[in-house]
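User: I have a model open and would like to go through it. Can you start with the terms?

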Amino acid sequence: MSYDPREARGKAAIVGAIDIASPTGMLDKKGRALEMQMIKGALDDAGLKVTDIDAVFSCMGMMPSMELAEYLGITPRYTDSTMTGGSSFEVHVEHATAALTLGLCDVALILYAQTPKSSKGDMGGMAGMMSMMGASPMAQWDLPYGLGTPSASYSLAAQRHMALYGTTSEQLAQIAVSTREWAMMNPNARFQEALTIDEVLSSPMVAAPLHKLDCCLVTDGAGALILTRADRAKDLRRDPVYILGTGTAHTHAMSISQMPDITTTSAAISGPKAFSMAGITHDDVDVLMTYDSFTITTLLALEDLGFCKKGEGGAFVEDGKLGPKGSFPTNTNGGGLSYTHPGMYGMFVLVEAVRQLRGESGPRQVPNAKLAVANGCGGVLSACSTVVLGTEETL
Amino acid sequence: MARFEPQTNELTAPFWDATKEERYLVQWCTACNKAIYYPREVCPGCLLSDNLEWRESPGRGEVYTFNVTHKPGLPFMTDRLPFVVALVTLEEGTRVVTNIVNCDPSEVSVGMPVKVAWEDLSDGRKIPVFEPA
């Protein structure tokens, strides 16, 4: 007997989707209150009720999916607390697709809410962080050298990419500029003013070669997704957005010294897996939503997903093709760079992909978008998870 | 604020003890004939601990990549900004986290040969850093 993930192509669909962010970077609600707002929004979008949920996916907390289900007062028959950092939600979609296809559950909830901007200090500050790191190898081998934050790790990747391939700071800055052009059309984006390459390059250096404006925001934000099997999806309120392919891989956790090749992320594995399951080529992709914790994160994903060759990402982006006037619409919500980034941004690439495929993205709508790729990247370039989504026409 | 000082545990005590005499140790699995970093309780190749040993290293290698940290996210080493964080590929084949010192950050480049140097910690141990070779 042989097994083929292609059997799950189009078997599950996103039928409810919502996210929230604000130009102030802050939200009124936080914690469970914010989560419940998102769950209600996603259920209303789908035309389902909380008692329909029989599968719960969450990565926030000690026993994330259990704590969430307890709070909701439901008794799910499928549970998943997978935590891969910012790509957790793409992984949740993959797992939900598998579980739905096998009939292990019928209605899956995937949830995220985090409010780092309005909750400063709630994490326990330095003491909290150090106790969290505890006995991790990082505390002994990374932190003593000042390597302990995402910007420090991502700048190491950017530097080597520049040295090997001649990638320039201007090319990285163009990614921030193109992404901002999309954010200027998103009324909920944190930054909506025009941005120039010079402004990126003259922003303060954080960890050379990355400037402040090469780095993502720190904002509040939240979102939720409801998935169900394709046969049930047709009867619900919205046009289903079908899961055509998924793929996940991780190379390391939070110690970037353990990454086999610092210029190649695990999207080089997750991307081909997802594309193969979906049976698509790069030319089929109308919209790319890819995790942009830093400008270099986008550039590496473009290469690793195969939209250009390794080392050619700089040349690929420099004509502005990622922006609204370009030929390759990417990060149309304004991205983690200009829309929102509460710490684990992967929820928002999925929600925007759904919006684009429903034709709901307003002024930033990509005409006739039928197929989107959502690519999450969690940890420090550690865990990549790729989801191919499509309209009914792509089935 | 100065450096965050690493805590030693049973596994890594030999490494940190040797730093007091400026000896740089690398963990090896003699069965797999492979250097291991970061040090582990078992060799990730054979999952055995029997063949692990510490070998003294000449502490030479080359810069795999680096950054110049101007605004550290954590409040350590703020007394020496900007500083260089690097991954150095040792002659033994492992890639280690370190700082590049005793040169201007603008002189550091990918591929630059480096050798180990030592900085004092507060308790008699020293921390291995690297400088141009």
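Analyst: Two strands pair if DSSP finds at least two bridges between them. Helices (H or I, at least four residues) and strands (E, at least two) are DSSP runs, numbered from the N terminus. This is a predicted model, where local features need pLDDT of at least 70, side-chain atom pairs count only at pLDDT 80 or more, and totals for chains, interfaces and linings use all residues. Residues are numbered from 1 along each chain as its sequence is written, chains are lettered from A and ligands numbered from 1 in the order in which they are written, and side-chain values use heavy atoms, with hydrogens and water left out.

User: In which sense do strand E5 of chain A and E4(B) pair?

Analyst: Antiparallel, over two bridges; the chain A strand covers residues 205-208. A:Ala208 stands opposite B:Val68 in E4(B).

User: What is the area buried between chain B and chain A?

Analyst: About 3,000 Å², with 65% of that from carbon and sulfur atoms. Buried area is the accessible area (1.4 Å probe) that two parts lose on being put together, summed over both. Among the elements of chain B that give two or more residues to its side are H1 and strand E4 (60-69). The largest share, six residues, comes from E4(B).

User: How many residues are in the contact?

Analyst: Chain B gives 37 residues and chain A gives 33 residues, where contact means heavy atoms within 4.5 Å.

User: New topic. Why is helix H11 of chain A called largely enclosed?

Analyst: Because 10 of the 10 residues in H11(A), residues 295-304, are buried. Buried means under 20% relative accessible area, exposed over 50%, partly exposed in between (1.4 Å probe, protein chains only). After H11(A) comes A:Gly306, with a positive phi near 90 degrees.

User: Which non-glycine residues have a positive phi?

Analyst: A:Asn331, at about 55 degrees, is one of them, and B:Asn102, at about 60 degrees, is another. Most residues other than glycine have a negative phi, and most peptide bonds are trans.

User: Is A:Asn331 buried or exposed? What about B:Asn102, buried or exposed?

Analyst: A:Asn331 is buried, at 1% relative accessible area, whereas B:Asn102 is exposed, at 60%.

User: Where is there a cis peptide bond?

Analyst: One joins B:Leu81 and B:Pro82, with omega about -15 degrees. B:Pro82 sits in the loop between E4 and E5 of chain B. Another cis bond runs from B:Tyr37 to B:Tyr38, with omega near -10 degrees.
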